[in-house]
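Hello,

Here is the structure I promised to pass on. Have a look at it first, and my notes follow below.

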Amino acid sequence: MTSVLPLMVQSPAELRTLPASALPELAASIRRQLIDTVSRTGGHLGPNLGVVELTIALHRVFDSPRDSIVWDTGHQSYVHKMLTGRSSSLETLRQAGGLSGYPRRAESSHDLVENSHASTALSYADGLAKAYFLTGRSDRAVVAVVGDGAMTGGMCWEALNNIGSAPDRPVIVVLNDNGRSYSPTVGSARAALAEVFDSLGLAYVGPVDGHDVAEVEAALTDARALGRAVVVHCRTVKGKGYPAAENEQYDRMHAISSPSRPGRTSWTNVFGSALSTLAASRPDLVAITAAMLHPTGLGEFAAAHPSRVFDVGIAEQHAVTSAAGLAMGGLHPVVCLYATFLNRAFDQVLMDVALHRLPVTFVLDRAGVTGSDGPSHNGMWDLSLLGIVPGMRVAVPRDGESLCRLLAEAVAWEGPSALRFPKAEVGPAIPAIGHIGEADVLFAPEVSADVLMLVTGPLAGAAVAAAAQLEQDGIGVRVADPRWVLPVAPALAAAVAAHPLTVTVEDGGVSGGFGASVVRACPGARVEVLGLGQEFLDHGSRGALLAEQGLDTAGMVAAVRRALGAEGVRLTG
């Protein structure tokens, strides 16, 4: 295991006792540990290499947790964790039972906000400053570290509008300006920061070299002494101190993850190729993403059709309404987001796209359990949200071939549609052996089928294996993939009514998802709903979390046996 930091720096109080001459050695040690550990555990390497000196300076000037430090986004907080007593646990980063990849209140009193959705820190800081003012604790500093592209999000500017108008509630905004989010930051706001902040009523300090601890310390000390809302502008280099990251042009090693195994590929890659193929014959197809061009698979599309792809920054609400405008103008936009970030734009999906019955396709990457990124990144809410949107159709592919077919169907639809898939490798193709309307039958027992299992997307392989196992015990299970899961097709509803028991299986929350929709569409039918419990799931591997939720082969077998021994409808998960 990597050794702990020099001089046993395990708390901010100890850090403040170090002489300035010891800080370069400390920074170098932190970088070595980050590179060694994150290269093995996976996680956000580039952003944390870029904030080493900045974080050291923060904890030397401010007295956390008495002073409140909020990170935006939280993936920049690894160095903060190391300096607040968790250096020796960094080996457990993003592992089940180990350190989270984001701030986590249960880990430390120094972790105030569990934020991994960007552009929120300034709103938290505004509220904290108001609370401290009203409760007589104005001597406590409120610091918001904002960077890695977070300033491209609209919430930042809404918060700044309030912060700058209240000089009696000082907030110190530390702007970590590395010119990037995942990749180079887009937009014009970065060009004239001092003038912009001044117009909003905030003082401005900088720019300072974010890799010079003494310079950052001095700027932070001056900012605190002002006693008013102030921005400290720190210029940093993403991936600093690691040539492989500094020279990586795409995203400076923003995130490290395991590559696909030989002969396998990711859902993201299959989607990216499929969209590019469709775009070659569909000049009306355009793509939109929110600072996630390559992570959502749009690199190939952008290379082939650069004028038809729009990266709007970390601005999901704007992305969706801009897509509505593109659709009104006669194009068919494909909005590519992580499923968890669709939550941020639900009003725009409902009122700007669906109300106008516009042909916009939402492609939701990282849907369902994502695993190591923890509760904020599990994409388990989208089916519950989209299920209440009038006119919305939602498809879930089970393999690469079905993804290509469903994407083509989605962009041919004249209203809103969505396609969801997980952060995982694509499994082997599972051929259809029959059909129930538009649904594909994947397994039919030789004995009579007393059970209809409706399985969504990538869980199909486990469901077929479960049906085969149950058949050996004399339990006949017919497995079907609905393909289009919302709304529930009439032919599928008729099949549910014709079976004594139906079991639905989905990689999404049980409340308001596919199974709940089947229950509503088939009153009087006996339905067992398997899905993710409506809770914030901890970080761990995708496979382990699915097994814990009963969404592996063993869990499906157990659920069928349990249901056959019970009566009525049961919602589980």
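A residue is called buried here when its relative accessible area is under 20%. By that cut-off, Y338 and F341 are both buried. Please keep in mind throughout that this is a predicted model.

Searching the whole structure turns up six aromatic pairs. One of them joins F271 and F421, with ring centres 6.0 Å apart. Their planes meet at 35 degrees, so this pair counts as tilted. What does the pair link? It ties together distant parts of the chain, 150 residues apart. F271 belongs to helix α11 (residues 267–281), while F421 sits in the loop between β11 (417–420) and β12 (434–436). Both F271 and F421 are buried.

Y338 and F341 make a stacked pair, with 10 degrees between the planes and 5.7 Å from centre to centre. Elsewhere, W157, F197 and Y204 are joined by ring pairs into a cluster.

R393 is also worth a look on your screen. Its charged end sits over the ring of W413, at 4.7 Å from the ring centre. The charged end of R393 sits over the ring of W484 as well, at 4.0 Å from that centre.

Now for the sheet. In what order do the five strands of the open sheet run? The order is β1-β2-β3-β5-β4, with parallel pairing. β1 (68–72) and β4 (203–209) are the edge strands, each pairing on one side only. On average, neighbouring strands in this sheet are turned by 15 degrees against each other, ignoring direction.

Another helix to find is α9 (residues 213–226), which lies across β3, β4 and β5 (230–235). Helix α9 runs at about 175 degrees to β4.

Best wishes

Technical notes
Residues are numbered from 1 along each chain as its sequence is written. This is a predicted model: local features need pLDDT of at least 70, side-chain atom pairs count only at pLDDT 80 or more; totals for chains, interfaces and linings use all residues. Side-chain values use heavy atoms; hydrogens and water are left out. Rings of Phe, Tyr and Trp (its six-membered ring) pair if their centres lie within 6.5 Å; planes under 30 degrees apart count as stacked, over 60 as edge-to-face and the rest as tilted. Helices (H or I, at least four residues) and strands (E, at least two) are DSSP runs, numbered from the N terminus. Buried means under 20% relative accessible area, exposed over 50%, partly exposed in between (1.4 Å probe, protein chains only). A charge sits over a ring if NZ of Lys or CZ of Arg is within 6 Å of the ring centre and within 35 degrees of the ring normal. Two strands pair if DSSP finds at least two bridges between them. Axes are lines fitted to C-alpha atoms, for helices over the stretch in contact, and angles run from 0 to 180 degrees between N-to-C directions. Contact means heavy atoms within 4.5 Å.
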